[in-house]
Each structure stands twice: as C-alpha cells, then as structure tokens.
Amino acid sequence: MPETQHVDYSTKIPNNVGLSDDQRVLKALEQWHPGYIDWWMTMGPEGFQGLEVYLRTAVSIDPKGWAKFDYVKMPQYRWGILLAPRMEDRRVGFGAHKGEKAWQEVPGEYRAMLRRLIVIQGDTEPASVEQQRFLGRTAPSLYDMRNLFQVNVEEGRHLWAMVYLLHKYFGKDGREEAEGLLQRRSGDPDRPRMLGAFNEETPDWLSFFMFTFFTDRDGKMQLESLAQSGFDPLSRTCRFMLTEEAHHMFVGETGVGRIIERTCQAMREAGIEDATDIAAVRKLGVIDLPTMQKKANLHFSLSLDLFGSEVSTNAANYYNCGLKGRYQETRIDDDHLLANATYPVGKLVGGKITVADEPALTAINMRLRDDYVADCAKGVERWNKVIETSGVRYRLELPHVAFHRGIGEFANIEASPSGEALSEADWQSRKDRWLPSKADGEYIASLMKPCWERGKFASWIAPPKVGIDNRAGDFEYVKIAGA
Ligand code: BYC
C-alpha cells in the first residue's frame, strides 16, 4: 500500500507508510515490538495497565479528523507510524544545500549527524514515560489520570516514530540504536537517558504539569526545528508529532492554571491577602504561589539546558548541512545561509552577565532558546491573568537564563533569578528561597492523595473548563473499579 492520509490498521503496526510492501522494515519493527511491550509493561504507568482508559488514537493524518476516542487498555494501544503528507517538490530550505530537492534517503556524508539527532530525540520519549510512571497512583481526578496516560502513550508513539526512521534508513547501526533506546533508563547511574532533564524525578503532579509546560515545550521547539530538515522523512515525522505535542502542553498549561485558580479561590474565601504568607495558605490544603514560582524556576532552568551551549559548532553544522533549521525557518526573512550574520548571545565576561554578538551560525541554539523563552513567557502571562482575575496580588515570573544552569555559558556560576552573579556562599544560603526545598517537597507530597471518584477533584486543583472530547464533568475517563 502506498503512503496515504489514512492509517492502515490491518498490519500489526498501524502505519501510513506502506509497511506491508516493505517486508524488511516490517520484519525489523516486528522484532523490535516485543522488546517495546516489555519495556512498556515494566517502565510504563505502574498499576494501571489492565484498566480501560478513554484515549485518542490517531486514525488519519488529516488535520481535521485525525484522532478517534475510545476505551482501550494501554498495552493494547495501537502505536503506529504516521508521517505528515509529502509536500510536492519540497526543497532544502537553508544551509549549504539550500534550494536542492529535499532528500528522501540519508545523504551518506550526514549519516552520523542525522542518526545522532534522531537518537537524541528518540531517547527523550521513553525517558519521560519512565519519569512519570508512578503518578497514576496519586492522580487528583480521573480526568487528570486520563491526560497523564494519553501523554504517556503518545510519548510511546513518538519513540516508535524515531525507531521507524532508524530501522528504515540506518541499517544495522539503526537497529542497534533502536535497541539502545529500550535499554537506557531515566535516572539510572550506569545507563542514564542522554539529556540532563530526562534523568530528573517527576515526584508529584505539580512537577508533571510544570514538566509538560516547560519540557514538552522544548520538545515543540526541537520538533519544529527538525520539521525544517532537508531529510524529508524526518521532517514529515516531526510535523505529525507536533499535532500530538500540542495536547501535552495544554495539559501542562491548564494543569498549572487550575492549581493557581484553586489556590487563589481558597485564599479569597479565607480572606488571605498576602500570597507570601505560606503557612496560612498551606493550612487551606492548597499550594501557595511562591512554591509554584520555585517549581517553575526549577523546570524552566532544567529545560533551558536542553538547548545545549549558546555557542555550538554542532548546531552550526546541523544548520549548514540542512539537517536542523531554526524555529519557523520558512517564515524568517533572511538569506537562510547566515554566512555573515550575527546574533546577540548571553555571555559571562569578567564574572558579569552580559550580551555579545556572535556569528549567527554558531548561535543557532541561542536563537531557538530565545524563541522558547518568549513562548514560555506568554504562557506565564496567561497564568498571571488567572491570578489577576481572582483579585490576588502576586505575579509569577520566569527567572533569568543564567539562573541554576548546568549546560552552557552559565554552567559554572551561580546567579539569582534576577540575573545577579553570586558567590557560592551566597547561593548556598539563598537557594532554598528560589528552588523547591525538602520541606516544600514534603508539603506537596502530603497533598498527593488519589481522588478517583467520578467528577471529583483533589482539594488543591480546580476542575477543567471543559471535558476531554466534550465529555460531561462526571465522565468515567478511566474505568477504575478493580485498580
Ligand atoms: N544534557 O554543542 P552542544 C522532547 C551535550 S525534548 C546532556 O552544546 P548541541 C520531549 C551534547 O549532546 C526535545 N548533554 O549542544 C519533551 C554534546 O555532546 P557531544 C529533544 C548535553 O549538540 C518532553 C555536548 O554536550 N530533542 O522531545 O548543539 C517529553 C556539547 O553540545 C545537553 C532534541 O534535543 C544536555 N542538556 O545541542 C518527551 C533534538 N546539552 O556531541 C519528549 C535533538 C548538550 O560532545 N538534539 N549536551 O558528545 C539536538 O538538537 C542537540 O543534540 C541538543 C544539544 C540541542 C540537545
């Protein structure tokens, strides 16, 4: 079967890439499949594999009707391979090959670079499932539990998306890399996941929502950049992944928004004016806004590290070779070569945080990170609207990009959220004001009690405005009896 809009469900692996006509790749994927299921059963959502969950499954790549909702047990989810439609006469849009026909096969000289990009992207997907595997137990509602599992199965599908590229285009090394993706484990000291943030814990639901807001948004930016790739199968794969990714960020943004809403409502009801009176707010059984600020500081800074160094020859090479572009490359009005252009980059000069122009080609990571920061800032403003509307006086803010960094220009210094360089002693004495402390973690953990009654929500989070798939408030998103 040729590539179609419709997804072929007659094969074990649903797809729109004509897998039944490609016995070599079909076989390779069928061999990989049991290892994947094994990984899912041991590292996927713990304790819920036998329950029916109201999930969407992609049935087409038509943007208007691509998903269908139904009850499904997660291990029986139809993880499939879906590529966005091929664009006629697509050309490489940037770098040294600009204007050439987009590649349908891997150019030999770029094989190692492309493989690396695909493996890094692939590695993050199962990592996030591993990080979130215990959260079902403390879900604040069936609605939230469903959303968690939806995100998890789709991250699983994104792993399939990258594994398909490895098997189809990278022969033996591709197969080995695909195996490796099932072997590494988030947080494992001996075989960790590749990127820092994916080895951190996601201990509670506030972290989950912050992660899906901040870290999935890095996913969006990276996928947007890879969607520009001159290697057409990668571009098409990423374009379809972005369709699913939007829901993940929705989960994060509305999750945090609903916690804020509930906190502000409880404060108003109790007549608490001072949002920084943490003890008083915590007595109400909700999460105080300063603690939410600390969690945002943590997840934002960890996510900034995912952009790599501000000045990077790797990034310059990816760009120059036409493999990874900038955010919305096609909408940028320049020569798409960047031979003589410069870009302002945050730098540490004589212990001071400043900005200096660098060649734009080596500053590609920095530019993507700037686009990311702007996108995050808009979301934070939407949270601030929720606070403002409630009448509470408090503002959430993104910390300075030098704050709490582990990669790049600011990795070796400590800085305050306002961007002031600090001595080690200063940092040690003040860091608990800016990052979640042990006591904050314990308080949040004390709230993480399951709330699984239909239509009910935990004390610390407001219900959503509308249900998933427009379902009523008491809809049974997860058939929980027997869990
Ligand atoms: N942790 O030149 P540099 C998602 C390494 S999230 C550990 O500064 P480069 C998702 C780097 O590999 C999106 N190591 O950086 C979200 C290099 O190593 P080698 C995932 C790091 O290469 C939520 C060295 O440091 N996709 O989809 O320009 C849920 C120097 O590198 C880190 C991608 O990231 C780090 N944070 O940029 C589920 C896209 N940062 O070569 C999913 C593909 C850097 O010296 N990846 N290093 O051994 C890339 O485009 C680039 O590899 C990076 C790094 C942007 C990650």
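**Figure 1. Beyond its neighbours within four places in sequence, Gln132 is in contact (heavy atoms within 4.5 Å) with Leu148, Val151, Asn152, Thr202, Phe208 and Phe211.** This is a predicted model, in which local features need pLDDT of at least 70 and side-chain atom pairs pLDDT 80 or more, while totals for chains, interfaces and linings use all residues. Residues are numbered from 1 along each chain as its sequence is written, and side-chain values use heavy atoms, without hydrogens or water. Look for Gln132 in the loop between helix 2 and helix 3; helices (H or I, at least four residues) and strands (E, at least two) are DSSP runs numbered from the N terminus. Is Gln132 buried or exposed? Gln132 is buried, because its relative accessible area is 1% (buried is under 20%, exposed over 50%, partly exposed in between, with a 1.4 Å probe and protein chains only). The side chain of Gln132 also makes a polar contact, at 2.9 Å, with the side chain of Asn152. A polar contact is a pair of N or O atoms within 3.5 Å; within protein, one must be able to donate a hydrogen and the other to accept it, and residues adjacent in sequence count only if both atoms are side-chain atoms.

**Figure 2. Here we visit the largest cavity, with a volume of about 40 Å³.** On a 1 Å grid over the protein atoms alone, a cavity is a set of points where a 1.4 Å probe fits but cannot get out, a pocket is an open set with protein on both sides within 12 Å along at least five of seven lines, and lining residues have an atom within 4 Å of a point. Points are joined across faces, edges and corners, and a volume is the space filled by probe spheres set on them. The structure holds two cavities of 30 Å³ or more. Around the largest one you will find Gln131, Ala197, Glu200, Glu201, Thr202, Phe211, Thr215, His299 and Leu302. Helix 5 (205–227) and helix 8 (289–304) are the elements that give two or more residues to this lining. By class, the lining has three nonpolar, four polar and two charged residues. Nonpolar here means Ala, Val, Leu, Ile, Met, Phe, Trp, Tyr, Cys and Pro, charged means Asp, Glu, Lys and Arg, and the others, Gly among them, are polar.

**Figure 3. The second largest cavity holds about 40 Å³ of space.** Ser141, Leu142 and Tyr143 are among its lining residues. So are Glu453, Arg454, Gly455, Lys456 and Phe457, along with Gly473, Phe475 and Tyr477. Five of the lining residues are nonpolar, three polar and three charged.

Figure 4. How many residues line the largest pocket? There are 38 of them, and Ile120, Leu195, Gln222, Leu306 and Gly308 lie nearest the centre. Helix 2 (111–131), helix 3 (142–169), helix 5 and helix 9 (313–320) each supply at least two lining residues. Helix 5 gives the most, with eight residues. The lining divides into 16 nonpolar, 13 polar and nine charged residues.

Figure 5. An N or O atom in the side chain of Lys324 is 2.6 Å from a ligand oxygen atom. For Asn314, a polar side-chain atom lies 2.9 Å from an oxygen atom of the ligand. For Thr124, the distance from a polar side-chain atom to a ligand oxygen atom is 3.5 Å.

**Figure 6. The second largest pocket has a volume of about 510 Å³.** Of its 21 lining residues, Met87, Ala227, Gln228, Ser235 and Arg239 lie nearest its centre. Helix 5 and helix 6 (232–270) each supply at least two residues of the lining. Helix 6 provides the largest share, five residues. Ten lining residues are nonpolar, six polar and five charged.

**Figure 7. Leu234 sits in helix 6.** Leu234 is buried, with a relative accessible area of 1%. Setting aside neighbours within four places in sequence, Leu234 is in contact with Leu114, Ile118, Met162, Leu165, Leu226 and Ser229. Leu234 and Val106 are 128 residues apart in sequence, and their C-alpha atoms are 10.0 Å apart in space.

**Figure 8. Gly325 belongs to the loop between helix 9 and strand 3 (342–349).** With a relative accessibility of 3%, Gly325 counts as buried. Apart from neighbours within four places in sequence, Gly325 is in contact with Phe94, Ser225, Gln228 and Tyr319. Ile278 is 47 residues from Gly325 along the chain, with 45 Å between the two C-alpha atoms.
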